Amino acid sequence: MEVKSKARVSSDGLDRGRFTFQRSWFDEDIRPEWETLTVPLRGTKLNILEVGSFEGASTTWILDNLMTRSESRMTAIDTFEGGMEHLDPDQVHQYDISSLESRFRSNISKCEHMNKLRVMKAKSDDALLDLRREGALFDFIYIDASHVAIDVLHDAVICWRMLSVHGTMVFDDVAWKGYMEDCYNPRIAIRSFVQCAVQEVETKETEAQMWVTKVPNRIPATPNPDPALYYWDNGLAVKQ
Ligand SMILES: C[S@@+](CC[C@H](N)C(=O)[O-])C[C@H]1O[C@@H](n2cnc3c(N)ncnc32)[C@H](O)[C@@H]1O
């Protein structure tokens, strides 16, 4: 089943109707927020990373709206095999995973700035480490691939290492609860990540997402004055 993008024209007048998306998650829930929150980025030179592209709804929006400067570049990572929630036999059919990559490629081919996009067809585990080895540095990173907590945490930490100071990282689906166990949902990972990076983050939680901006370290480490308190009793015990 193919449907044209429902909300046809974005606030800058670009025609979203030229794309074909089966899912309108981005246009219905995310795009209105992004149109406001990305205003400071418009027209600036940007290096953007997207982890999880699906049919290219967010990819095409970024290409159209944030890649207008000739020096700007974008990298998109996706296996095009769907996430865990799509792999249930009924869902594979429902999400038409077999044609996912061709739908993505068809959509991005309609973008004027498509030549600025590098597509890495790979698991984020591998692609992010490749980018790190290349010495990549990004100004804006969108994390929307696997929703399994340990995967989100992995993507968050490696991406954080590649985010410039004053750069912003956005997590999608903060409140998504596709599974009953916390370890299969993103929230616990996003929370844990923010707690670990608190000395250099500013956060803004929107309806569906968490925006995290990297700021210069504002909490210097204070040495523990009492060696007798260097070790916690059962500090790492985890309740099963
Ligand atoms: C929720 S969709 C992305 C939606 C897209 N950002 C949008 O707004 O339209 C998640 C995507 O992540 C991909 N994905 C899931 N786990 C992945 C992983 N470990 N590495 C790379 N891609 C993954 C899936 O193939 C799927 O296309």
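Q: In what sense do strand S6 and strand S7 pair, parallel or antiparallel?
A: In this predicted model, S6 covers residues 201–205 and S7 covers residues 210–214. A hairpin of 4 residues links S6 to S7. Over 5 bridges, the sense of their pairing is antiparallel.

Q: How do H5 and H6 run relative to each other, roughly parallel or roughly antiparallel?
A: Helix H5 takes in residues 124–134 and helix H6 residues 149–161, and their axes lie 10 Å apart. The angle between the two is about 10°. Angles under 35 degrees count as roughly parallel, so H5 and H6 are roughly parallel.

Q: How many charged residues are there in the contact of H5 with H6?
A: On the H5 side you'll find Ser124, Asp125, Leu128, Leu129 and Arg132, and they meet His154, Asp155, Ile158, Cys159 and Arg161 in H6. Sorted by class, the contact has 4 nonpolar and 2 polar residues. That leaves the charged ones, and their count is 4.

Q: Which strand supplies at least two residues of the shell around the ligand?
A: The ligand has 20 residues around it, with Gly52, Phe54, Ala57, Ser58 and Ser146 the closest. By class, the shell splits into 7 nonpolar, 8 polar and 5 charged. Helix H1 (25–37) and helix H2 (57–66) each give at least two residues to it. The strand that does likewise, spanning 73–78, is S2.

Conventions: Residues are numbered from 1 along each chain as its sequence is written. This is a predicted model: local features need pLDDT of at least 70, side-chain atom pairs count only at pLDDT 80 or more; totals for chains, interfaces and linings use all residues. A residue is near a molecule or strand if its C-beta atom, placed from the backbone, lies within 6 Å of it. Ala, Val, Leu, Ile, Met, Phe, Trp, Tyr, Cys and Pro count as nonpolar, Asp, Glu, Lys and Arg as charged, and the others, Gly among them, as polar. Axes are lines fitted to C-alpha atoms, for helices over the stretch in contact, and angles run from 0 to 180 degrees between N-to-C directions. Angles under 35 degrees count as roughly parallel, over 145 as roughly antiparallel, 65 to 115 as roughly perpendicular and the rest as oblique. Two residues are in contact if their C-beta atoms, placed from the backbone, lie within 7 Å. Two strands pair if DSSP finds at least two bridges between them.
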